[in-house]
Amino acid sequence: MNFSDAYRLVGLAEGKYTNDWQDPGGETICGLARNKNPDLAIWLILDKWKEQGVGLDKLDAMARADRHFMALVAAVYKGRYWDAASCDLLPNLLRYPVFSCAVNCGAGTAIKILQRACGVEDDGKYGNITHQACRIGDINARVRAFCDKWLGYYDEIIKARPGLKKYKNGWYNRVDNVLRDNF
């Protein structure tokens with residue numbers, strides 16, 4: 001799978017504009033959280049729209065209809081998630097799952113989860129050992145192991161912060177959809 005195909009699928013998984021005070025990411029649009037990405041140009045555009053009186057319920061549709069805004073979003077997804085998680089170097093069937101995980105959990109976390117699924121040290125850096133390990137054995141089993149570890153990561157988040165349990169169904173559905181769409 002290439003970046004464009006994975007980006008389209010991940011875009012389907014991302015919800016509408018939100019600003020949930022309980023969400024660690026805070027204000028989020030197109031799957032990009034302001035607290036995690038405060039330096040993005042999209043926030044200048046979004047703030048301008050809000051200053052112009054655009055209602056919060058209209059921001060998502062406006063953003064998705066604006067070519068410039070969406071080009072900025074795509075560039076962030078490509079650089080901060082696809083490239084940062086070394087998706088081009090992964091076996092084809094691991095690209096989309098690792099990318100989706102990187103978007104939702106961070107690139108370093110996605111690589112750590114991949115490393116756990118491959119049985120190597122989880123240092124969050126995609127190097128030669130990880131590169132070789134993710135190519136050993138049945139790739140379908142490797143994808144499923146990755147997704148199992150990804151679900152386990154969400155369970156650990158909920159264990160540490162029980163208030164985030166309200167996101168569990170959405171997180172689990174994301175992993176289920178990745179499995180469905182990947183094969």
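What is the mean pLDDT of the chain, and what share of its residues reach 70 or more? The mean is 93, and 100% of the residues reach 70 or more; pLDDT is the predictor's confidence in each residue, from 0 to 100. This is a predicted model, in which local features need pLDDT of at least 70 and side-chain atom pairs count only at pLDDT 80 or more, while totals for chains, interfaces and linings use all residues. Residues are numbered from 1 along each chain as its sequence is written, and side-chain values use heavy atoms, without hydrogens and water.

**Confidence**
- Strand 1 (residues 18-19) has the lowest confidence in the chain, at a mean of 88.
- Helix 6 has the highest, at 98.
- Helices (H or I, at least four residues) and strands (E, at least two) are DSSP runs, numbered from the N terminus.

**Helix 5 and helix 8**
- The axes of helix 5 (residues 92-105) and helix 8 (residues 139-160) come within 9 Å and cross at roughly 10 degrees.
- Helix 5 is therefore roughly parallel to helix 8 (angles under 35 degrees count as roughly parallel).
- Helix 5 brings Leu93, Leu94, Pro97, Val98, Ser100, Cys101, Asn104 and Cys105 to this contact (heavy atoms within 4.5 Å).
- Helix 8 meets them with Ile139, Asn140, Arg142, Val143, Phe146, Trp150, Tyr153 and Tyr154.
- The residues of this contact divide into twelve nonpolar, three polar and one charged.

**Nonpolar core**
- The largest nonpolar core has 61 residues; such a core is a set of buried Ala, Val, Leu, Ile, Met, Phe, Trp, Tyr and Cys residues joined through side-chain atoms within 4.5 Å.
- Ile29, Phe69, Tyr77, Phe99, Phe146 and Trp150 touch the most other members.
- Elements that give two or more residues to this core include helix 1 (3-13), helix 2 (42-51), helix 3 (56-65) and helix 9 (168-182).
- Beyond its neighbours within four places in sequence, Phe99 contacts Phe3, Ala6, Tyr7, Val10, Tyr77, Tyr81, Trp82 and Cys87.

**Positive phi in two loops**
- Cys30 lies in the loop between strand 2 (27-29) and strand 3 (32-33).
- Its phi is near 55 degrees, a positive value in a residue other than glycine.
- Cys30 is buried, at a relative accessible area of 3% (buried means under 20%, with a 1.4 Å probe and protein chains only).
- Ser86 sits in the loop between helix 4 (67-83) and helix 5.
- Ser86 also has a positive phi, of about 55 degrees, although it is not a glycine.
- Ser86 is buried, with a relative accessible area of 16%.
- Ser86 and Phe99 are 13 residues apart in sequence and 8.9 Å apart in space, C-alpha to C-alpha.

Definitions and conventions:
Axes are lines fitted to C-alpha atoms, for helices over the stretch in contact, and angles run from 0 to 180 degrees between N-to-C directions. Angles under 35 degrees count as roughly parallel, over 145 as roughly antiparallel, 65 to 115 as roughly perpendicular and the rest as oblique. Ala, Val, Leu, Ile, Met, Phe, Trp, Tyr, Cys and Pro count as nonpolar, Asp, Glu, Lys and Arg as charged, and the others, Gly among them, as polar. Buried means under 20% relative accessible area, exposed over 50%, partly exposed in between (1.4 Å probe, protein chains only).
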